[in-house]
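Hi everyone, thanks for coming. Please have the model open on your screens, and let's walk through it together.

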Amino acid sequence: MPAPLSPATVALIKATVPALEAHGLTITRRMYERLFENAEIRDLFNQSHHGETGAQPRALAQAVLAYARNIDNLGVLAGAVERIAQKHVALNILPEHYPHVADALLGAIGDVLGEAATPEIAAAWGEAYWFLAELLIGREAAIYRDHASEPGGWNGWRDFVVESVTQESETIRSFVLVPADGGPVLRHRPGQYLGFLLDLPGRGVLKRNYSVSCAPSDRAYRITVKREAAPGRPAGIASNWLHDHAQPGTVLKVAAPAGDFSLDAEGDAPVVLVSGGVGLTPMISMLETIAADSPDRPTWYVHGALFGRVHALRDHARALAARARNARLVTFYAEPEAADRPGEHYDVKGLITADWLVEHTPHDRATYYLCGPKPFLRDLATGLLRRGVPAERVKFEFFGPADELFDEPRQAA
């Protein structure tokens, strides 16, 4: 645990909150510009979260502002620290990378705030940065140690071979991965993801995370990936390459399972697994685990798709629900087509809503696990909290940086 921040530093950091509210996004954009001047550091990051969408700079601006606002009560940020540490482990961030970020952040503060960034302000933010960095470095070291010491575990990038490829829908494929060295794999917690390093011809190094879509095993992982519609843009490069080029025998570099979004597999309280689109991937992992290990656990699997042609793993989910004796499966189609028959292919026309969940599931005692597109998550997480479901029983995973998506539900709570 690093030494506590000095009272003078705490006061100076809190005094910068108005400046961060006004200029935080400009600062973080400038920080990444500085940081990515170093190609080796740039390749550590998932570039799909930068560029056109600007999601990562916005996420960091929110995080820096939250840190400044809560600098005298950092306990409220424990969950955010854990999420960041898990993301860093999936990207193989190491202690030697932190000084580069410090230089870029402090330089960006000076660039944007100019004379307002006095030597005292710069020193305070330097102290505050390294306090947080030491917390993250310590937590990440513990995760790396756990990965290395557990059966089948590893650190860094490990070669995996694509064992099989399955077309799950018009836009979604599953890939089963086994270690190239023939050894066992680290058993993931249902809901976690794997980090991938892809060095693509003409594209360079890409980093991506994909949720594991099967129950834990000692032998293999499965990921289920949607082909993104824009192959020329950063968010679609990796998924399109996997769909077009990954086949049995393809070797991929993979980081050990990470993520703080996972099923409480030890409890027996009701669970509601709610997904939209390809957000079903961690939910299938959870449902497979429940069917195998606790089939009497009260479980609701609620999935939303646009229509049948893009609905992945439909038959597999039904088979799992049949094995899990106390499971109920409900499917929503937003825009069912003529070939989609109600009662056979789907149950409800329209979108999943918080009102529907509260009315049809035991909201007074169930834990809700949510994964899907950002509007889907925002509406459901906020809606459940506003209808009285405690925040500790609303858990969600988002494929991308956790920016304001996570702020609004917490404020609603």
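Let's start with the aromatic rings: a search of the whole structure turns up twelve aromatic pairs. A pair here means rings of Phe, Tyr or Trp (its six-membered ring) with centres within 6.5 Å; planes under 30 degrees apart are called stacked, over 60 edge-to-face, and the rest tilted. Take Y32 and F36: their ring centres are 5.5 Å apart and their planes meet at 40 degrees, so this pair is tilted. Now Y32 with F45: these centres are 6.0 Å apart and the planes are at 85 degrees, so that pair is edge-to-face. Helices (H or I, at least four residues) and strands (E, at least two) are DSSP runs, numbered from the N terminus.

Are Y32 and F36 buried or exposed? Both are buried, and F45 is buried as well. Buried means under 20% relative accessible area, exposed over 50%, and partly exposed in between, with a 1.4 Å probe and protein chains only. Together, Y32, F36 and F45 form one aromatic cluster.

A quick word on what you are looking at: this is a predicted model, where local features need pLDDT of at least 70 and side-chain atom pairs count only at pLDDT 80 or more, while totals for chains, interfaces and linings use all residues. Residues are numbered from 1 along each chain as its sequence is written, and side-chain values use heavy atoms, leaving out hydrogens and water.

Next, please find W154. R158 lies over the face of W154, 4.9 Å from the ring centre. For that, CZ of Arg (or NZ of Lys) must be within 6 Å of the ring centre and within 35 degrees of the ring normal.

Finally, S169 is in the loop between β1 (158-167) and β2 (172-179). S169 is buried, with a relative accessible area of 8%. Leaving aside residues up to four places away in sequence, S169 touches R309, V310, H311 and A312, where contact means heavy atoms within 4.5 Å.
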